[in-house]
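I opened this notebook to keep track of what I look up in one structure. The entries follow the order in which I went through it.

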Amino acid sequence: MVIGTLCEEDQDKIDEAMEKIAEENDPYDLEPTRHPALIVHSDQPMNAEVPEQMITENYITPPELFYIRHHHPVPYLSEEDVKNYHVTFDLTQYGGKEIEISLADLKKLKKVEVVTTLQCSGNRRSGYNDVKKTSGTSWGQGAVSTAKWGGARLKDVLELAGLDDPFAAEDEGLEYVRFESLDGMKSSITIDKAMNPYGDCILAYEMNGETLPRDHGFP
């Protein structure tokens with residue numbers, strides 16, 4: 001949406017100010033180191049895919065070769081930030097409270113592991129570009145990877161936060177659980193998906209048996 005147009009002089013001043021801010025405090029200065037084999041489509045933000053000949057070398061993709069899809073700089077947490085890290089749950093729409101659950105408390109819940117394949121919705125977009133130009137990153141076929149994620153079942157975490165009756169919550173109009181990441185990205189799933197005791201929704205803190213890498217959701 002365009003509200004108006006700045007005069008060139010004012011726009012130049014804004015551009016100069018933004019460049020100065022970027023030079024003094026570049027949000028991409030603390031990006032993780034990536035594997036040199038990845039095919040990089042952009043580095044600010046980082047978007048990179050697995051070389052096609054390497055996709056089937058391992059059923060479980062090594063974390064350093066897992067495809068990367070970002071919209072923003074990767075959040076950087078100091079040791080103190082990690083030590084004090086917590087997840088905030090806002091249940092005020094359900095008649096509950098806003099509470100914080102620490103990473104240590106999450107790890108006290110029963111750990112479950114889920115093997116799943118993730119794929120960017122733009123995977124193989126470059127093939128469409130051969131026919132007609134599309135918009136977005138021109139992915140090959142490597143924006144797909146598989147990992148074993150370990151963490152607490154989302155149902156257990158929500159119950160710990162106070163959401164103990166999903167049916168009552170639905171009756172009161174609570175239809176979705178919304179997530180917001182440290183870098184501001186948002187997503188949502190239905191309440192029945194989140195609370196399914198036979199489902200595969202988890203808050204992961206491990207990837208392939210190791211601590212989550214920064215590129216894939218740390219901590």
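The model is a predicted one.

I began with R124, which I found in the loop between β6 and α4 (125-129). R124 is not a glycine, yet its phi is positive, at about 70°. Is R124 buried or exposed? I read a relative accessible area of 56% for R124, and exposed means over 50%, so R124 counts as exposed.

I then looked up N208, which sits in the loop between β10 and β11. N208 is also a residue other than glycine with a positive phi, in this case near 55°.

Next I checked for cis peptide bonds. The bond from Q44 to P45 is cis, with omega near 0°. I located P45 in the loop between β1 (39-43) and β2 (46-49). Another cis peptide bond joins F218 and P219, where omega is about 5°. P219 belongs to the segment after β11.

**Entry: the chain as a whole**

I looked up the totals for the protein chain. Its secondary structure comes to 7 helices and 11 strands. Of its 219 residues, 32% count as buried. Its C-alpha atoms fill a box of roughly 55 × 50 × 40 Å along the principal axes. I also looked at contacts with a separation of 6 or more: residues 24 or more positions apart account for 64% of them.

**Entry: the sheet**

In what order do the 4 strands of the open sheet lie? I wrote down β6-β7-β10-β11, with antiparallel pairing. The edge strands are β6 (111-119) and β11 (210-211), each of which pairs on one side only. I then followed α5, which packs on the sheet and touches β7 and β10 (202-207). The direction of α5 makes about 35° with that of β7.

I went back to the pairing of β6 with β7 (residues 144-153), where 9 bridges join the two antiparallel strands. Within this pairing, T117 stands opposite T146 in β7.

**Entry: the nonpolar cores**

The largest nonpolar core has 23 residues. Which of them touch the most other members? I listed F89, Y94, I101, V157, L158 and L163. The elements that give two or more residues to this core are α3 (103-106), α5 (154-161) and α7 (191-194).

I looked at Y94 on its own, leaving aside its neighbours within four places in sequence. Y94 is then in contact with G162, L163, D164, D165, A169, E172 and L174. Of these, I had already written down L163 in the core list.

There is a second, separate core of 15 residues, and M54, L65, F66 and C120 are among them.

**Entry: cavities**

How many cavities of 30 Å³ or more does the structure hold? I found 1. The volume of the largest cavity is about 50 Å³. The residues that line the largest cavity are V50, M54, I55, E57, N58, T61, P62 and L65.

Conventions: Residues are numbered from 1 along each chain as its sequence is written. This is a predicted model: local features need pLDDT of at least 70, side-chain atom pairs count only at pLDDT 80 or more; totals for chains, interfaces and linings use all residues. Side-chain values use heavy atoms; hydrogens and water are left out. A nonpolar core is a set of buried Ala, Val, Leu, Ile, Met, Phe, Trp, Tyr and Cys residues joined through side-chain atoms within 4.5 Å. Buried means under 20% relative accessible area, exposed over 50%, partly exposed in between (1.4 Å probe, protein chains only). Contact means heavy atoms within 4.5 Å. Two strands pair if DSSP finds at least two bridges between them. Axes are lines fitted to C-alpha atoms, for helices over the stretch in contact, and angles run from 0 to 180 degrees between N-to-C directions. On a 1 Å grid over the protein atoms alone, a cavity is a set of points where a 1.4 Å probe fits but cannot get out, and a pocket is an open set with protein on both sides within 12 Å along at least five of seven lines; lining residues have an atom within 4 Å of a point. Grid points are joined across faces, edges and corners, and a volume is the space filled by probe spheres set on the points.
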